[in-house]
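Here are a few exercises to work through with the model open in your viewer. Try each task before you read its solution.

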Amino acid sequence: MIAAAPDVAASLLTAERVVAIKVVVAIACGALLAWGIVLRRTARPDAHRRLRDGLLLTLGVLGALCWTNLLKFHFGSFPVESPLGYVHVYDTFHYYAGSKYFSELGYTRLYDCIVAADLEVFSRREIGQRSFRNLETNRLERPTAVLRDPSLCTRHFSPERWEDFQRDLDWFRPRIHLWNQMTFDWGYNPTPVWTLAGTALTNTAPASRGQIGVLTLLDFALLLAMWGLVGWAFGWRTTCVALVFWGTSVPSSYLWAGGSLLRQGWLVTSVAGICLLRRHHTVSAGFFFGYAALLRIFPGIVLATLGFKALWQAWRAPGRRLAPAHARVALGALLSVAILVPLSAVATGGFESWQGFVKNSVADSRPSMNQMGLKAMISQRRDAQWEALQPLGVAAYDAWTAAREGGFRERRFVFAALVLACLIPVALAVSREEDWVGAVLGTGLLSVVFLLQCYYYAAFLVFGLLWSRNEGIGVALCGLAAYWGVVQMLSDTWDIVYVWYSLGAIVFVVFAAVALLRSEPGVAEASAG
């Protein structure tokens with residue numbers, strides 16, 4: 001009976017049941033926060049304080065555990081030896097190989113070189129039947145060119161580096177269940193600034209259980225540091241609210257990017273910037289906001305939001321000068337560019353790597369099924385849902401992509417009108433709130449302006465920090481996490497799920513802006529410390 005216990009636990013904690021548990025935790029936290037609001041409004045803010053604090057702390061710990069899927073991580077999707085069950089081997093491979101061999105692969109040759117290396121393991125006929133993403137165009141096709149001439153890849157390697165590349169592939173290949181679908185993915189996409197750290201770390205040794213185990217633990221260390229900063233800047237209660245959302249958010253589940261190589265750096269630097277801004281360390285905040293933007297580009301929306309506020313206030317100020325705090329944030333952001341961009345150029349073979357990144361980003365702009373945002377909603381067409389396209393494959397994917405692109409073109413003016421409608425309340429709220437609150441609202445604009453993969457919505461955890469400013473936003477944030485979980489449980493159409501996710505995110509952002517507009521500016525709620 002004792003030996004069978006782990007099997008019983010595994011059968012109980014299925015992916016579906018873990019999602020249900022996340023919904024329960026999010027609802028429980030929302031109810032607890034709502035109870036606090038009721039007590040405050042009935043002039044009993046300290047009633048049951050010890051009980052409420054104990055429950056909030058418990059839910060915060062549960063939230064952190066929920067992020068790991070209650071220590072089930074990827075539910076055994078990747079057959080790696082214990083204790084590496086937390087590793088997302090498939091995702092790690094892209095970031096590991098792409099950065100370690102960046103000087104040979106650039107942004108366009110990763111899949112060419114997988115095909116060339118696999119010729120020594122699989123038959124030419126088997127490889128020729130695979131789907132292969134041409135990273136020059138991001139279109140799916142057959143790998144005929146590399147099969148005819150493997151030197152299209154190998155000529156970029158020295159004999160020693162090609163041997164290293166093959167040895168690393170030999171380690172990853174048996175640990176990735178769907179290796180024959182590897183070249184279906186989207187290649188290596190990080191900026192040269194991300195590559196600066198990635199290439200230094202991955203070139204320390206050949207791929208092995210020890211090296212991969214250590215490298216993939218770095219994200220855990222960064223996240224611990226991030227949550228420490230949140231506690232320092234906002235207090236433990238607010239930290240618990242943000243933890244609950246972070247852990248119960250289904251779109252940004254551990255399944256996507258947890259247990260990979262430096263996948264949380266953009267999130268850590270973004271949150272660190274808000275924490276430092278809250279504590280009035282403005283130059284450091286600007287540096288971290290700039291670093292986040294250089295890691296993933298889209299976090300630059302926070303700097304754009306703060307820039308809007310700075311210019312608005314300067315326009316209204318005597319002499320039309322920037323406020324000193326805004327000038328210091330700008331200085332920090334400029335320092336990040338001045339330091340990190342040249343260093344990344346040195347590490348990646350010159351400023352041409354940035355040109356390659358821009359070109360790759362343009363090619364990488366085609367729709368994918370796990371993207372969220374206003375554009376995903378506008379682009380969806382009822383006559384082109386993914387599950388309706390049979391048989392699935394290259395032709396089906398091209399048809400789905402063309403339908404989404406066509407749907408957006410047909411409704412682009414509706415999209416522009418909705419963007420403006422969402423921006424107005426956010427801009428009004430930003431213009432009258434503290435800078436750190438403006439940075440949080442700017443983060444929310446990710447859902448309005450960009451078309452991003454679902455896992456980047458982990459950034460919405462920063463709205464949990466607004467609980468110290470407006471308790472109702474904390475309740476709504478828990479509601480958003482619960483709503484996402486319910487959508488996941490009830491929907492059986494893959495791409496429609498992300499449309500409903502997107503709707504919830506956009507409604508929440510507008511609600512948060514309106515809630516701040518309806519409250520007294522710059523004053524924290526009495527019981528939300």
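**Exercise 1.** Find out how many disulfides there are, and which parts of the chain get tied together.

*Solution.* Keep in mind that this is a predicted model. Searching the whole structure turns up 1 disulfide. Next, pick out the partners: Cys113 is joined to Cys153, with S to S at 1.9 Å. Now look along the S-S bond: the angle about it is 115°, and the link of Cys113 and Cys153 is right-handed. Cys113 sits in helix α6 (residues 110-118) and Cys153 in helix α9 (residues 151-154), so the pair ties together parts that are 40 residues apart in sequence.

**Exercise 2.** Work out how α18 and α19 pack, and which residues meet there.

*Solution.* Start with the geometry: helix α18 (residues 300-316) and helix α19 (residues 324-347) pack at about 145°, and their axes are 10 Å apart. The crossing of α18 past α19 is left-handed. Then list the contacts. From α18 come Leu303, Leu306, Lys309, Ala310 and Gln313, and they meet His326, Val329 and Ala333 of α19. Sort the residues of this contact and you get 5 nonpolar, 2 polar and 1 charged.

**Exercise 3.** Which arginines lie over the face of an aromatic ring?

*Solution.* Check the distances against the cut-off, CZ of Arg within 6 Å of the ring centre. Arg133 lies over the face of Phe184, 5.7 Å from the ring centre.

Definitions and conventions. Residues are numbered from 1 along each chain as its sequence is written. This is a predicted model: local features need pLDDT of at least 70, side-chain atom pairs count only at pLDDT 80 or more; totals for chains, interfaces and linings use all residues. Side-chain values use heavy atoms; hydrogens and water are left out. A charge sits over a ring if NZ of Lys or CZ of Arg is within 6 Å of the ring centre and within 35 degrees of the ring normal. Axes are lines fitted to C-alpha atoms, for helices over the stretch in contact, and angles run from 0 to 180 degrees between N-to-C directions. Helices (H or I, at least four residues) and strands (E, at least two) are DSSP runs, numbered from the N terminus. A crossing is left-handed if the near helix is turned anticlockwise from the far one by less than a right angle, and right-handed if clockwise. Contact means heavy atoms within 4.5 Å. Ala, Val, Leu, Ile, Met, Phe, Trp, Tyr, Cys and Pro count as nonpolar, Asp, Glu, Lys and Arg as charged, and the others, Gly among them, as polar. A disulfide is a pair of cysteine sulfur atoms within 2.5 Å.
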